[in-house]
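Welcome! Here is a friendly walk through one protein model, starting with a pocket and moving on to rings and a helix.

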Amino acid sequence: MSKPNLLFIFTDEQRLDTMASYGNPYIDTPNMDRLANESVLFEQAYVTQSVCTPSRSSLMTGLYPHTNGCTQNNVSLSSDIPSLAELLDDPAYATAYHGKWHLGDEIFAQHGFDEWVSIDDGYAAYYSEGRDKNARSSYHHFLTENGFTPENGSVFTRDKPLQVPEEYSKPAFLAQEASRFIREHQEQPFVLTVNFFEPHMPFFSQRDQQYDPADVVLPPNFECPPTNDQPLKTRAFRKVYEEGGHSGLSLRTEQDWRRMIANYWGLNSLVDTHLGKILDTIDECGLREDTIVVYTSDHGDMMGSHQLLAKCVMFEEAVKVPLMIRLPGQKEGRRVSGPFSQIDLVPTLLDLMGQSIPDHLEGKSIKTGLEQDG
């Protein structure tokens, strides 16, 4: 294996305890757990910021948000800031980005990725000058080709993909496209980044009935809502959720919260099913011995902890995420208990791929530690 492949999969808004490998025996995520059992699993992996765009900017550049300029949602990653694909700087590699981007010009290929499979038309207001705001995502065309019509005749809302049959859902579509890319490029080295939108809000899906709310165990700190010594924002968030609910669900009672968490677990299991299809494609193509596999998320979700929901706070549940790295040929997993920051992920991946690590990156490679005990 002279040039390893990289399969970099991350989700949106997946908190740590959403698989058995991270301490949840009630949720069904066999493919995540399979990968965990074959990977280096980080027990304390932290994002750089518990907001989508800032966190993603670090995942793609190896820079903190205040350095790369993406300090809030819907800020575009400057063309002067190289992404992972551009840092690779090796023409032998085929590169692809599939899924949610949220770093500007959402549906347009950019930052060194040769293939671009987009899934969201909701960011047209933030496109750069000269971009066609009437252009539509890859997923939009997939839905229309399969007989679905946008509710307003123009774009599909984020609710729509969670109401169609599962075979037409975003996770199914991304698994289909990722598997196609892997098969088409199995004879050359590739970098494939796949971002599942789920389990991000809205918190309902084709899997809402997979879990009985009566079986849901509330977070151990559910009875510890923000107190007066906590930031005003956290107290305001709690009041908003208590009074207005979310995703069409009330959040006034413990039973309400169990219903919400059951739906959230369903979203994670939905991702798991289609993650498994991508991992199976790697095996079917005989690429297991040649492929680095990474699985993580851009931030967590409070999901009942401190009676809060979603993210945008710096509690553990919002900033600590799953992280698994499977090295080529690795068959048995191991666990790393110490803290790890996602700022170190880009330099580590470049190092694992035999690439030089640019001096401007703000993290450091942990390749030696991964391989020594791998």
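## A pocket, some rings and a helix

By class, the residues lining the largest pocket are 11 nonpolar, five polar and five charged. Here Ala, Val, Leu, Ile, Met, Phe, Trp, Tyr, Cys and Pro count as nonpolar, Asp, Glu, Lys and Arg as charged, and the others, Gly among them, as polar. This is a predicted model, in which local features need pLDDT of at least 70 and side-chain atom pairs count only at pLDDT 80 or more, while totals for chains, interfaces and linings use all residues. Residues are numbered from 1 along each chain as its sequence is written, and side-chain values use heavy atoms, with hydrogens and water left out.

The largest pocket has a volume of about 380 Å³. Of its 21 lining residues, R15, D17, P219, P220 and S305 are the closest to the centre. A pocket is an open set of points on a 1 Å grid over the protein atoms alone, where a 1.4 Å probe fits, with protein on both sides within 12 Å along at least five of seven lines; lining residues have an atom within 4 Å of a point. The volume is the space filled by probe spheres set on the points, which are joined across faces, edges and corners. Helix α8 gives the largest share of the lining, three residues. Helices (H or I, at least four residues) and strands (E, at least two) are DSSP runs, numbered from the N terminus.

Now for the aromatic rings. The structure holds 19 aromatic pairs. Rings of Phe, Tyr and Trp (its six-membered ring) pair if their centres lie within 6.5 Å; planes under 30 degrees apart count as stacked, over 60 as edge-to-face and the rest as tilted. Two of the pairs are shown here.

| Pair | Centre to centre | Angle between planes | Type |
|---|---|---|---|
| F8 and F10 | 5.7 Å | 45° | tilted |
| Y97 and W116 | 5.2 Å | 25° | stacked |

The pair of Y97, in strand β3, and W116, in strand β4, links distant parts of the chain, 19 residues apart. Are these two residues buried or exposed? Y97 is buried because its relative accessible area is 1%, and W116 is buried at 11%. Buried means under 20% relative accessible area, with a 1.4 Å probe and protein chains only. Y139, F142, F148, Y168 and F173 form one aromatic cluster.

Finally, look at helix α10 (residues 345-352). Seven of its eight residues are buried, so α10 is largely enclosed by the rest of the structure. Just after α10, G354 takes a positive phi of about 75°.

Methods:
Buried means under 20% relative accessible area, exposed over 50%, partly exposed in between (1.4 Å probe, protein chains only).
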